[in-house]
Amino acid sequence: MSDDVIVHQYEAVVVGAGGAGLMAALHLAQQGVSTAVVSKLYPTRSHTGTAQGGIGAPLGSVEEDHWEWYAFDTIKGSDYLADQDAVDIMCQEAVDCVYFLEHMGLPFDRTPEGKILQRRFGGHTRNYGEGPVRRACHAADRTGHMILQTLYQQCLKRSVTFFDEFFLTDIILTEDGPPPSCCGIVALEIATGRLHVFNAKTVLLATGGFGRIFKITSNAHTLTGDGCAVVWRRGVPLEDMEFYQFHPTGIYRMGILLSEAARGEGAYLINDLGERFLQRYAPTLMELAPRDLISRYMYLEIKEGRGIGGKDYLYLDLRHLPRQVLDEKLPDITDFVRTYLGLEPAREPVPVQPTAHYAMGGIPTDVYGQVLWDEIGRKVNGLYAAGECACVSVHGANRLGTNSLVDILVFGRRAGLHMASWCREQGWVPLPDNPQAFTEQILSQLLKTNGTERIGRIRQELQEVMMDQAGVWRTGDGLSQALDKVRSLKERLFHLRLDDTGRLFNLDLLEAMELTYLLDCAEALVVSALNRTESRGAHYRDDYPERDDANWLRHTLVRCSGWRLGSADHKLEFSYKPVVITRFQPAQRKY
Ligand SMILES: Cc1cc2nc3c(=O)[nH]c(=O)nc-3n(C[C@H](O)[C@H](O)[C@H](O)COP(=O)(O)OP(=O)(O)OC[C@H]3O[C@@H](n4cnc5c(N)ncnc54)[C@H](O)[C@@H]3O)c2cc1C
């Protein structure tokens, strides 16, 4: 190993300090496992901290509720692609996770009697679809902020070791198998540019989503799909990448999120004629229909010329809500409207458009967070994934609001506990020679100085083509164009030129690495979307507008072999995993 590389040894290494990573780390530390958290961001800057509206749990503290109702809503919301065994686990364990956070000090909003207050959210119903139910627990519209602060404090208390501003570049797999075993990771220390190798008995990837492949997104600049791309390069498949959720209410042109909590508290969506147009499409749940459908209906209204002033946006109308609701239940989002648009939401309607929001797909796992190597369920020993980068799959083809926060907590905890027992049972797998070699090769290629292509330019072209061809409305032709484009952008990476070629705090280098990750995620998404010749959940194809259960009630796995930086001549291969169906047979979705 070259002298410059620093080697660490921890029983468990968690990559990512969002809700999923911290929940796992906390449970590992509670079990006495030596645990390191490696994060490219300072932990409390993780995207979980921006989650606004709430976390689902059938507490029934405001009105009657049951986990079976919650499971039904989640499965129907998923367009019947979610694995029903995993959904049952999530909906049952949600209650315990919310109480766990409460006991750790999370300041939830309360009812007058002191119970956790709950509000309505899209697709959450009472008694299997009869009408809305109050299921979202919240702390104003800053729920994720409170979750992240609470978990971070607890991790510090438990002496979890944090490596902040360390950037994951690779996972270390053994040559045996298949399936291989994972014995650590490689990371770049951002401040110094030095490489660190972490030898571990278990590794958890909890690196979040990849919304930045799209032009209009609610996602932070840092959500570039790093974990998904790193494993994909190493031959681990990605699951259901074609299912990407657009949230109906992003601030027009900016994509900044106005939480579904606004509609949960009673806000309307209106078109140019002032109509609540959802009357036409989802007469029972109206503004509380699931996101995939509302985003598509908004697209239709705009296409038929009823966007505001004939343009490509609609209005979110909060004017009829009591002042107290705006101030106490929705303080942050009303502030965003004032700050970013200069509008007063109590008096003026707010221009909105669908914004790229959430990846349903990702790294395939079982219900303990163990990463799957193939469709028959063999596992990559010692490797785990949880949170938005993972696909277990509880969201299927479309996630319900509040269900990501539940997912990260429930499956973050399950992964942490399973990793702890793995550490007790398993010995150390020695590191192979030169585990950092692949990273060094990529970095040196990016840092060479004779290129002409610019990072910003390639990223912009990627985001535009993805927004136009792989967003809410897709066609085979459009997806083929997008695939050609993504592949040509990948080839252009070969000629990249960075302004900064030094080692210390080289943000150009990080942006270049993130761009390579974005391109991998985009390619996996587009090929999977092109391959799936039906419409289901968030994946809508105008050339195949119907759901096709006979052929497509199954999960996509796409695997890459022969990956090289600056090239598009690797091989892609599809395989399929059956959907686990227990109690709820696929039925037509009506709201
Ligand atoms: C604006 C907004 C509002 C939302 N509101 C809600 C809501 O109300 N309810 C709900 O259920 N869901 C909501 N969501 C979705 C939900 O917040 C996220 O899906 C969830 O928080 C993801 O958590 P995570 O732990 O998987 O990842 P994140 O919180 O995104 O954390 C990712 C972590 O990975 C680290 N990381 C990434 N790449 C690397 C790398 N290369 N090296 C080292 N570390 C790396 C980062 O530093 C970070 O710590 C919202 C999302 C957004 C964008």
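Predicted model: local features only at pLDDT ≥ 70, side-chain atom pairs only at ≥ 80, totals over all residues.
Local features need pLDDT of at least 70 and side-chain atom pairs pLDDT 80 or more, while totals for chains, interfaces and linings use all residues. Residues are numbered from 1 along each chain as its sequence is written, and side-chain values use heavy atoms, with hydrogens and water left out.

**View 1. A nonpolar patch on the surface includes Leu-504.** Leu-504, Phe-505 and Leu-507 make up this patch and together have about 320 Å² of accessible area (Shrake-Rupley method, 1.4 Å probe). Leu-504 lies in the loop between α13 (476–492) and α14 (507–531); helices are DSSP runs of H or I with at least four residues, strands runs of E with at least two. Leu-504 counts as exposed (over 50%) because its relative accessibility is 62%.

**View 2. The largest cavity has about 60 Å³ of space.** A cavity is a set of points on a 1 Å grid where a 1.4 Å probe fits but cannot get out, and lining residues have an atom within 4 Å of a point. The lining includes Tyr-244, Arg-291 and Gly-537. α7 (291–303) gives the most to this lining, with four residues.

**View 3. Ala-397 is buried.** Its relative accessible area is 0%, where buried means under 20%. Ala-397 sits in the loop between β18 (390–391) and α10 (403–425). The C-alpha atoms of Ala-397 and Ile-75 are 9.5 Å apart, although 322 residues separate them along the chain.

Terms used:
Patch = residues over 30% accessible without salt bridge, like charges linked within 9 Å, V, L, I, M, F, W, Y side chains within 5 Å. Salt bridge = Lys/Arg side-chain N within 4 Å of Asp/Glu carboxyl O. Buried < 20%, exposed > 50% of the residue type's maximum accessible area, 1.4 Å probe, protein only. 1 Å grid on protein atoms, 1.4 Å probe; cavity = no way out; pocket = protein on both sides within 12 Å on 5 of 7 lines; lining within 4 Å. Points joined across faces, edges and corners; volume = space filled by probe spheres on them.
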